Amino acid sequence: MKDMGLATVTEAVAQSFAGLPDARQRELVQCLVKALHQYARDVQLTHTEWRAALTFLHKVGDISSDSRSEFSLLSDVLGLSSLVDLLASDPAVTPGSVLGPFHTPGSPWLSNPADLTGANAGQRVLLRARVCDSAGQALPGASIDFWQNAANGLYWQVDLSQPTDNLRCQLKVGADGCCEIATIRAVPYEIPTDGPAWLDLVEPAGRSAWRPAHFHVIVSASGYRTLVTEIFDAEDPYLDSDAVFGVREALVGRYQNVADPEACARLGLPGEKVPVMSFEIRLAPL
Ligand code: BEZ
Ligand code: FE
């Protein structure tokens, strides 16, 4: 008979997973057991609290669907998504940041320079990106998958008033590693506030639901690690209180009013100046 007591139960449970054939999965599960048990010991978890936590997780599952993952949102607001991004980031290159729920594969391929403005309301801006390696050497073969929200704060997937694929594209950078996207200035928006992550956890803590304005990019190049990240707007009021902890100094860009009559004519903008945000994306080798 195994006598399960406070002194033996944690090791016994961890050991019960020793038969998992995959070494990494074994490590993940055994460490999780130990961390969970340590947490329960540290806070002296009561039955009432344990049941409340299970009820909360039930609610997280109940509101989740194919198009809504409250578990992802929970990971985001607990900062776990951001921590995993940081753990995967190479300090010599551009850091990663939250993927979020609004990336869907299959964005239309556009040629460079791309124009996403269409019939969108919002301030016209130009984004100029340069993709390079950690030494600043341009990566001509790189691709960018880009998406952002519209002037009303919503992504096209959750807003029937927007056309399919609004404000998203994929493109290849030029021989100089550079690309240009004409678009609208992204605006801040709130994370979903109708589920338990917000209602039971984040709102009671008095936290903000706002994410600062950002553009999402996934940057890939052969021989380099694919980077999932975001580019923020230096003038955004929510930079210091991102609900999902995605802001990093290296990811904040600033618009400069640049005289570019050719771009203004091409984009039908009045005058000769346009707000341009230029940023460099450095990729780590595989
Ligand atoms: C977003 O960036 O779109 C996002 C990220 C986390 C939660 C909700 C939205
Ligand atoms: Fe987003």
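In this predicted model, an oxygen atom of ligand 1 lies 3.4 Å from a side-chain N or O atom of Y155, a polar contact in the sense of a pair of N or O atoms within 3.5 Å. Helix α4 (70–77) and strand β8 (214–220) are the elements that give two or more residues to the shell around the ligand; helices here are DSSP runs of H or I with at least four residues, and strands are runs of E with at least two.

The shell comprises 14 residues (a heavy atom within 4 Å of the ligand), and the closest are D76, Y189, R211, H214 and H216. Its make-up by class is eight nonpolar, three polar and three charged residues, with Tyr counted as nonpolar and Gly as polar.

Helix α4 also meets helix α3 (residues 47–63): their axes, lines fitted to C-alpha atoms over the stretch in contact, come within 8 Å and cross at roughly 125°. From α3, F56, L57, V60, G61 and I63 make the contact (heavy atoms within 4.5 Å), and from α4, E70, F71 and L74.

Residues are numbered from 1 along each chain, with chains lettered from A and ligands numbered from 1 in written order. Local features need pLDDT of at least 70 and side-chain atom pairs 80 or more, while totals for chains, interfaces and linings use all residues; side-chain values use heavy atoms, without hydrogens and water.

How values were computed. A polar contact is a pair of N or O atoms within 3.5 Å; within protein, one must be able to donate a hydrogen and the other to accept it, and residues adjacent in sequence count only if both atoms are side-chain atoms. Axes are lines fitted to C-alpha atoms, for helices over the stretch in contact, and angles run from 0 to 180 degrees between N-to-C directions.
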